[in-house]
Amino acid sequence: MTDSTYLVIGGYHGSGASAVVDLLSEYKGFYHNDTEMRLICDPYGIKPMERALVDDWDWINASGAMIDFLHLAKICGRKGGGKNPFARAGLNYTKNINPRFMEITENYLEKLTECHYYRDFYYHKFKMSYPAYVINRIRFGLEIYSKGKLKTANRSTKNYFSRPDREQFYQATKEYFDELYTDAAEREGADFILLDLALAPRDGKRIHNYFRKAKMIVVDRDPRDILANLLSQGRYIDDWITYEDGFCFSQWQLEMRKNLPSDPDIMYVRFEDIVLKTEMVKKEIADFLDISLDERNHLHLHKYFEPEKSAQNIGYWKKFYGAHGRAFDAISVEMKDYLYEKEKG
């Protein structure tokens with residue numbers, strides 16, 4: 001078990017959460033493995049698995065959630081494609097987090113399992129690839145036409161019977177993350193383990209459920225710059241950006257900011273302040289974490305965090321206004337309380 005504190009960094013899909021990761025990575029005592037933590041809130045992750053096992057239980061859905069989580073873990077664990085367009089998707093957790101990643105993950109599921117049973121639910125058929133489904137149908141057909149002389153059909157799949165209470169689920173999950181990160185944290189001498197985008201801002205209080213000891217920093221940003229960043233990455237087709245698109249984008253962004261938790265272990269900062277008021281924000285973060293962020297601990301000055309370069313991304317939306325002004329106008333109306341004007345810095 002690690003004595004390190006998990007520091008979850010959250011944002012709003014392009015709001016600049018990586019600025020906090022970059023800033024803190026320059027200081028002694030912070031460990032980051034340069035990969036996003038997608039195992040909690042993504043589809044098939046720990047959050048939907050908790051709902052299936054604890055909040056809305058039935059035996060088929062509980063097993064399905066655990067099988068889906070194992071599927072997600074296998075994808076996250078394998079090496080990603082990089083520049084190879086034909087490679088499979090993957091996040092390389094086995095290399096970046098722990099070489100025993102899949103073993104630890106399977107042990108986590110076993111802690112939540114009372115027993116295994118074998119059934120062939122429609123759920124399993126629906127998850128098959130079409131070739132596998134056809135082969136399975138042929139195997140059944142051979143058995144039927146041989147009047148049972150050929151035992152070729154595949155009738156059952158391994159399932160999990162799991163019915164933990166909430167505290168059992170949380171305890172197993174805390175042990176899971178500790179086992180994943182203890183070796184690296186101790187090797188690096190880390191007081192804090194940085195988890196990039198492990199939780200959405202509105203899920204902030206879950207840090208107390210899934211981690212033995214944790215805090216969270218949430219980064220916000222002018223939503224116009226978030227859209228501009230998406231445009232620069234080709235995430236929108238230029239001809240489709242209209243006032244209506246700006247309105248839709250605003251509703252998406254506003255929804256993510258609803259019902260944000262108030263908690264002494266959750267801190268809210270702005271990307272613009274991190275860049276333009278770095279010393280002030282550093283002091284606020286140091287006070288929040290109860291540590292010192294002085295020059296003695298600053299091992300990698302501007303190796304990851306470059307304020308002058310990041311400052312170019314403030315007011316970035318103005319470069320796109322000529323082509324997409326109507327969309328930005330919609331955001332300015334719908335999200336006026338979240339705008340940031342550079343002269344305020």
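1. A disulfide is defined here as a pair of cysteine sulfur atoms within 2.5 Å. By this rule the count is zero disulfides.

2. The structure is a predicted model, in which local features need pLDDT of at least 70 and side-chain atom pairs count only at pLDDT 80 or more, while totals for chains, interfaces and linings use all residues. Residues are numbered from 1 along each chain as its sequence is written, and side-chain values use heavy atoms, with hydrogens and water left out.

3. How exposed are Cys-41 and Cys-248? Buried means under 20% relative accessible area, exposed means over 50%, and partly exposed lies in between (1.4 Å probe, protein chains only). Cys-41 has a relative accessible area of 29% and is therefore partly exposed. Cys-248 has 51% relative accessibility, so Cys-248 counts as exposed.

4. On the overall build, the protein has 345 residues, of which 46% count as buried. The C-alpha atoms fill a box of roughly 80 × 50 × 40 Å along the principal axes. The accessible surface (Shrake-Rupley method, 1.4 Å probe; for residues, only the protein chains shown count as cover) is about 18400 Å², and carbon and sulfur atoms hold 51% of that surface.

5. A contact means heavy atoms within 4.5 Å. Among contacts with a separation of 6 or more, 80% join residues 24 or more positions apart.

6. The protein contains 15 helices and seven strands. These are DSSP runs numbered from the N terminus: helices are H or I with at least four residues, and strands are E with at least two.

7. Five strands form an open sheet with parallel pairing, in the order β2-β5-β1-β6-β7. Strands β2 (30-31) and β7 (266-270) stand at the edges with a single partner strand each, so one side of each has no neighbour in the sheet. Two strands pair if DSSP finds at least two bridges between them. Strands of a sheet pair through backbone hydrogen bonds, either parallel or antiparallel.

8. Which strands does β6 pair with? Strand β6 (residues 214-220) pairs with β1 (residues 5-10) in the parallel sense over five bridges. In β6, Lys-215 is the bridge partner of Leu-7, and Val-218 is the bridge partner of Gly-10. Strand β6 also pairs with β7 in the parallel sense, over five bridges. There, Asp-220 has Arg-270 of β7 as its bridge partner.

9. Is β6 mostly covered or left open? Seven of the seven residues of β6 are buried, which makes the strand mostly covered. Both faces are covered: Ala-214, Met-216, Val-218 and Asp-220 are buried on one side, and Lys-215, Ile-217 and Val-219 on the other.

10. Ile-217 is found in strand β6. With a relative accessible area of 0%, Ile-217 is buried. Leaving aside residues up to four places away in sequence, Ile-217 touches several residues, including Leu-7, Val-8, Ile-9 and Gly-10, along with Met-267, Val-269 and Phe-288. The C-alpha atoms of Ile-217 and Asp-203 are separated by 12 Å, and the two residues are 14 residues apart along the chain.
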